[in-house]
Amino acid sequence: MQIVAIHIAPGRKVPTRSVQEVRAEAGKGLVGDRYHGAKHRHVTIQSRELLDHAAADLGRDVDSGATRRNLTVDAGPLPTKPGARIRIGDVELEVVRIAAPCRLLDDWIAPGAARAMHNRGGTVFRLLTSGPIRVGDEVEVPVAG
């Protein structure tokens, strides 16, 4: 699994901006993002594969930036169990919770988008270590033992 898109937004109702690289700060979040400095919600990650399934249900494309998630991976299930960990380069992340789709998706994408994103909204992580995250980086998901 690899990073295919990175989006950050400096504020809640400000459109996301696509970037090729972002700096992750342990215990703080992504530099330049609205959640930088939040206690637990540092990074949100979604799957492009699941976005494509939502798009098929919705009958229109779903742009990865319109969901307001920070990182988009190409495919594969993301861990959702609190405490599970993943690694992106030197950055270690820990699952906080499942990311529920926002009702505002119906306004931002199309009516029915929030419903189409149900169980496809991604995962909220906290940052345990710092470092750069770039489009193209591999995401290591340890195999559950």
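Modeller: In this predicted model, strand 5 (residues 43-47) and strand 9 pair in the antiparallel sense over three bridges.

Colleague: Which residue of strand 9 stands opposite Thr44?

Modeller: Strands 5 and 9 run antiparallel where they pair. Within strand 9, the residue opposite Thr44 is Val124.

Colleague: Over how many bridges do strand 8 and strand 9 pair?

Modeller: Strand 8 covers residues 91-98 and pairs with strand 9 in the antiparallel sense. Leu93 has Leu127 of strand 9 as its bridge partner. The number of bridges between strands 8 and 9 is five.

Colleague: Is strand 9 largely enclosed by the rest of the structure, or largely open, and why?

Modeller: Strand 9 spans residues 123-127. Buried here means under 20% relative accessible area. Because four of its five residues are buried, strand 9 is largely enclosed.

Colleague: Which are the edge strands of the open sheet?

Modeller: The open sheet has eight strands with mixed pairing, in the order 2-1-6-5-9-8-7-11. Two of its strands each pair on one side only, and these are strand 2 (17-19) and strand 11.

Colleague: Is Glu138 buried or partly exposed?

Modeller: Glu138 lies in the loop between strand 10 (131-134) and strand 11 (139-140). Together with Glu49, Asp74 and Glu140, Glu138 forms a negative surface patch. Because its relative accessible area is 47%, Glu138 is partly exposed.

Technical notes. Residues are numbered from 1 along each chain as its sequence is written. This is a predicted model: local features need pLDDT of at least 70, side-chain atom pairs count only at pLDDT 80 or more; totals for chains, interfaces and linings use all residues. Side-chain values use heavy atoms; hydrogens and water are left out. Patches are made of residues with over 30% relative accessible area and no salt bridge: like charges are joined within 9 Å, nonpolar side chains (Val, Leu, Ile, Met, Phe, Trp, Tyr) within 5 Å. Accessible areas come from the Shrake-Rupley method with a 1.4 Å probe; for residues, only the protein chains shown count as cover. A salt bridge is a side-chain nitrogen of Lys or Arg within 4 Å of a carboxyl oxygen of Asp or Glu. Lys and Arg count as positive and Asp and Glu as negative; His and the chain ends are not counted. The place of a charge is taken as NZ of Lys, CZ of Arg, CG of Asp or CD of Glu. Buried means under 20% relative accessible area, exposed over 50%, partly exposed in between (1.4 Å probe, protein chains only). Two strands pair if DSSP finds at least two bridges between them.
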